[in-house]
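Look at the side chains in this model. Follow who meets whom.

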Amino acid sequence: MVCFCFLVDQRSVVKKTKPVAGSCSRCGRSAHVADMCTVTRFCYVPLYWKSWKAIVCSFCGAILKSYR
């Protein structure tokens, strides 16, 4: 009998933000420094999570720079 286990999903969640001087290079709106958390789940079980910082646009949501 063969059983396959596959990647269900990987989500990035913004925990908190602070405004930063500068603007988004894509839309020209303001940017924020965000504490991010990435969670990887295999078969609906959280298997791996990682916290990191990123500069994120407050309007379009683009990640401009990440600090991992």
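Q: Which side chain joins Thr38 in a polar contact?
A: A polar contact is a pair of N or O atoms within 3.5 Å; within protein, one must be able to donate a hydrogen and the other to accept it, and residues adjacent in sequence count only if both atoms are side-chain atoms. At 3.4 Å, the side chain that joins Thr38 is that of Ser12.

This is a predicted model: local features need pLDDT of at least 70, side-chain atom pairs count only at pLDDT 80 or more, and totals for chains, interfaces and linings use all residues. Residues are numbered from 1 along each chain as its sequence is written, and side-chain values use heavy atoms, with hydrogens and water left out.

Q: Is Thr38 buried or exposed?
A: Buried means under 20% relative accessible area, exposed over 50%, partly exposed in between (1.4 Å probe, protein chains only). Thr38 has 10% relative accessibility, so the residue counts as buried.

Q: Which residue forms a salt bridge with Arg11?
A: A salt bridge is a side-chain nitrogen of Lys or Arg within 4 Å of a carboxyl oxygen of Asp or Glu. Arg11 is exposed, at 53% relative accessibility. Its closest N and O atoms are 3.1 Å apart in the salt bridge with Asp9.

Q: What is the N to O distance in the salt bridge of Asp9 and Arg41?
A: Asp9 is buried, at 16% relative accessible area. Arg41 is partly exposed, at 23%. Their side chains meet in a salt bridge, N to O, at 2.9 Å.
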